[in-house]
Amino acid sequence: MNRFLFNITKTTRLNLKTIREYSILNSAAIEHLSSIVGSSNYSVSEAIRTHHSKDESLHEEAHPDLVVFPQNTDQISKILQFCNKNRIPAIAYGAGSGFEGGINAIKGGVSIDTSKFMNNILEVNVEDFDCWVDSGTTRKQLNNYLKDTGLWFPIDPGADACIGGMCSTSASGTNAVRFGTMRENVLNLECVLADGTVINTAGLKARSRKNVAGYNLTNLMIGSEGTLGVITKVALKLFPQPETILSAVAPFPDVASAVQSTVEIMQTGLPIARIEFLDEKSIQANNIYNKMGLDETPTLFLEFHGSKGTVDQQAEAAMEICKENQCKFPLLLQLVDQQCL
């Protein structure tokens with residue numbers, strides 16, 4: 001496996017030497033792009049370009065020639081118009097927390113960073129359980145804002161990713177078993193296409209749960225990794241904050257027992273919020289990294305949301321299933337603070 005990854009990295013490095021010669025911005029292009037965003041909202045410094053040259057993946061760094069920090073959709077439209085006309089690569093950048101290598105500027109060009117200015121929560125409709133946010137808004141920022149409304153946005157990919165990036169990669173996370181992925185939780189997108197055209201995928205300011213007219217452009221853009229356009233605004237579904245959260249850990253003697261327990265729990269129709277499986281190697285790595293003392297054996301991690309009585313019943317039913325499938329000892333239940341939302 002390590003040799004396989006080494007060969008990928010080596011091949012990528014050789015390819016980048018060839019690809020990187022494609023485009024280096026000249027001073028006139030940099031001057032024009034800087035005039036769009038303002039003299040203080042662009043950078044050609046090595047440190048800033050390095051920061052925008054890779055995400056959390058194993059891919060080799062690939063520096064953009066220029067990083068711009070637009071303040072609104074109109075500026076992004078003008079940037080993309082210019083880049084399209086002059087065949088300059090343009091890469092959307094959010095939090096840089098992805099694992100796909102999508103922000104690596106393998107052909108140089110312009111990195112469009114939406115996180116500095118385009119990070120506002122524009123509208124929260126408490127009665128309709130939805131909101132509009134800028135694409136540079138982060139997941140934790142949104143949930144902190146929503147705390148006093150009794151609502152939350154449950155998609156949790158682990159990192160504090162930008163909402164725009166989560167749309168671009170169709171992020172999911174441990175809550176997907178109950179709430180789905182980004183694909184099921186986005187109502188509308190404002191996007192700028194490669195030629196600078198601004199579109200709303202479900203109609204101007206639309207946020208209806210039902211949308212049967214026309215092409216499903218929203219789901220076309222979700223997961224497109226920035227190849228079809230730059231996402232600038234997002235309309236999201238919101239959900240009620242759970243009154244109580246109960247978590248559980250269930251170690252098993254083998255993988256088959258853990259998998260069978262998962263199947264049976266899902267078949268019962270329990271509205272479980274999270275159910276994650278780690279094998280013994282993953283538990284061992286987790287113990288080393290987080291300095292924990294979990295049994296190094298196949299393990300399920302579960303979480304239940306609802307009222308106090310409801311989560312107790314859910315946990316009891318799941319516990320019985322796990323015991324019937326040779327769970328090594330009774331589930332360890334812990335009340336989780338709502339601050340973790």
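**View 1. M118 in the loop between β4 and β5.** M118 sits in the loop that runs from β4 (110-113) to β5 (121-125). Helices (H or I, at least four residues) and strands (E, at least two) are DSSP runs, numbered from the N terminus. The model is predicted: local features need pLDDT of at least 70, side-chain atom pairs count only at pLDDT 80 or more, and totals for chains, interfaces and linings use all residues. Residues are numbered from 1 along each chain as its sequence is written, and side-chain values use heavy atoms, with hydrogens and water left out. Is M118 buried or exposed? M118 counts as buried, at 1% relative accessibility. Buried means under 20% relative accessible area, exposed over 50%, and partly exposed in between (1.4 Å probe, protein chains only). Leaving aside residues up to four places away in sequence, M118 touches P70, Q71, N72, T73, I76, D134, S135, G136, T137 and T232. Contact means heavy atoms within 4.5 Å. The C-alpha atoms of M118 and P70 are 7.5 Å apart, although 48 residues separate the two along the chain.

**View 2. Strand β4 and its parallel neighbours.** V110 and I112 point one way from β4, S111 and D113 the other way, and all are buried. In a regular strand the side chains alternate between the two faces of the sheet. Strand β2 (residues 66-68) pairs with β4 in the parallel sense over 3 bridges. Two strands pair if DSSP finds at least two bridges between them. V68 has I112 as its bridge partner in β4. β3 and β4 also run parallel, joined by 4 bridges. Here Y93 has D113 as its bridge partner in β4.

View 3. Side chains of opposite charge can pair when their charged atoms come close. A salt bridge is a side-chain nitrogen of Lys or Arg within 4 Å of a carboxyl oxygen of Asp or Glu. The count by this rule is 10 salt bridges. In one of them, the side chains of R49 and E46 meet at 2.8 Å, N to O. Both residues lie in helix α3 (residues 46-51), 3 residues apart, about one turn of the helix. R49 is buried, with a relative accessible area of 15%, whereas E46 is partly exposed at 48% relative accessibility. The side chains of K78 and D74 form another salt bridge, at 3.4 Å, N to O. These two residues lie in helix α4, 4 residues apart, about one turn of the helix. K78 is partly exposed, with a relative accessible area of 41%. D74 also counts as partly exposed, at 44% relative accessibility.

**View 4. The salt bridge between R207 and D130.** The side chains of R207 and D130 meet at 3.1 Å, N to O. R207 lies in the loop between β9 (198-200) and α9 (217-221) and D130 in strand β6 (residues 130-134), so the pair ties together parts that are 77 residues apart in sequence. R207 counts as partly exposed at 26% relative accessibility, while D130 is buried with a relative accessible area of 2%. Which residues share this network? Salt bridges with shared partners join E123, D128, D130 and R207 into one network.

**View 5. The largest pocket.** The largest pocket has a volume of about 1,200 Å³. Of the 50 residues in its lining, I91, A92, G102, E225 and G226 are the closest to its centre. A pocket, on a 1 Å grid over the protein atoms alone, is an open set of points where a 1.4 Å probe fits, with protein on both sides within 12 Å along at least five of seven lines; lining residues have an atom within 4 Å of a point. Grid points are joined across faces, edges and corners, and a volume is the space filled by probe spheres set on the points. α4 (73-85), β3 (90-93), α6 (163-168) and β10 (230-237) each supply at least two lining residues. By class, the lining has 26 nonpolar, 19 polar and 5 charged residues. Ala, Val, Leu, Ile, Met, Phe, Trp, Tyr, Cys and Pro count as nonpolar, Asp, Glu, Lys and Arg as charged, and the others, Gly among them, as polar.

View 6. Most residues other than glycine have a negative phi. K205 is not a glycine, yet its phi is positive, about 60 degrees. K205 is in the loop between β9 and α9 and counts as exposed at 68% relative accessibility. E225, also a residue other than glycine, has a positive phi near 60 degrees. E225 lies in the loop between α9 and β10. At 33% relative accessibility, E225 is partly exposed.
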